[in-house]
Amino acid sequence: MRLPLHRLLLVLATLLLVGNLYAQTAVVSGTVTNHNGSPAVNVTVSIAGRASLTDVRGKYRIVGVPFGQQTLRILQNKKVLKQLALNVTAATVTHNETLP
């Protein structure tokens, strides 16, 4: 059984489109500050198995975060300072957080 070329191309295009829909990822970024408003420097922000250290301004950026409900953790010296649920629904998500 041979498929006409246009049907084969349609099937391949559909498979590629569906694969891209399931493989959507986002960039999550933001700023972490201490309770007094100063930047939280060298704090680890982790989400979906990816992590980033905050810079001297408390800013972080994590690429390749899958869409959907994720757990964001803020750690320092392997101690979890804060943990929260984050729903990733767009290609870029900005989330700022203040530490207790």
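Which residues form a nonpolar patch on the surface? In this predicted model, the patch is made up of L5, L9 and L12, which together have about 300 Å² of accessible area. For patches, residues need over 30% relative accessible area and no salt bridge; like charges are joined within 9 Å, and nonpolar side chains (Val, Leu, Ile, Met, Phe, Trp, Tyr) within 5 Å. Accessible areas come from the Shrake-Rupley method with a 1.4 Å probe, and for residues only the protein chains shown count as cover. L12 sits in helix 1 (residues 5-22), and with a relative accessible area of 43% it is partly exposed. That label has simple limits: buried is under 20% relative accessible area, exposed is over 50%, and partly exposed is in between (1.4 Å probe, protein chains only).

Residues are numbered from 1 along each chain as its sequence is written, and side-chain values use heavy atoms, with hydrogens and water left out. Because the model is predicted, local features need pLDDT of at least 70 and side-chain atom pairs count only at pLDDT 80 or more, while totals for chains, interfaces and linings use all residues.

Now for the overall layout. The chain has 1 helix and 8 strands, and along the sequence they follow the pattern α-β-β-β-β-β-β-β-β. Helices (H or I, at least four residues) and strands (E, at least two) are DSSP runs, numbered from the N terminus. Of the 100 residues in the chain, 29% are buried.

Next comes the inside. The largest nonpolar core has 17 residues, and V28, V32, I47, Y60, L72 and V88 have the most contacts inside it. Strand 1, strand 2, strand 4 (59-66), strand 5 (68-76) and strand 6 each supply at least two residues of this core. Such a core is a set of buried Ala, Val, Leu, Ile, Met, Phe, Trp, Tyr and Cys residues joined through side-chain atoms within 4.5 Å. Leaving out residues up to four places away in sequence, I47 touches I62, V65, Q70, T71, L72, L86 and V88.

Strand 2 deserves a look of its own. Strand 2 and strand 3 (residues 50-53) run antiparallel and are joined by 4 bridges; two strands pair if DSSP finds at least two bridges between them. They form a hairpin with 2 residues between them, and A48 in the turn has a positive phi of about 50 degrees. S46 belongs to strand 2 (residues 44-47) and stands opposite A51 in strand 3. S46 counts as buried, at 18% relative accessibility. Apart from neighbours within four places in sequence, S46 is in contact with A51, I62, T71, L72, R73 and L75.

How many salt bridges turn up in a search of the whole structure? The search finds 2, where a salt bridge is a side-chain nitrogen of Lys or Arg within 4 Å of a carboxyl oxygen of Asp or Glu. One links R57 with D55, their closest N and O atoms being 3.3 Å apart. R57 is exposed, with a relative accessible area of 53%, whereas D55 is partly exposed at 28%. In the other, the side chains of K82 and E97 meet at 2.5 Å, N to O. K82 lies in strand 6 (residues 79-88) and E97 in strand 8 (residues 97-98), so this pair ties together parts that are 15 residues apart in sequence. K82 counts as partly exposed, at 25% relative accessibility, while E97 counts as buried, at 13%.

Finally, the loops. G37 is in the loop between strand 1 (25-33) and strand 2, and at 53% relative accessibility it counts as exposed. The C-alpha atoms of G37 and L99 are separated by 9.2 Å, although the two are 62 residues apart along the chain. N42 also lies in the loop between strand 1 and strand 2. N42 is not a glycine, yet its phi is positive, about 55 degrees; N42 is exposed, with a relative accessible area of 52%. K78, in the loop between strand 5 and strand 6, is another residue other than glycine with a positive phi, near 65 degrees. K78 counts as exposed, at 83% relative accessibility.

Terms used. Contact = heavy atoms within 4.5 Å.
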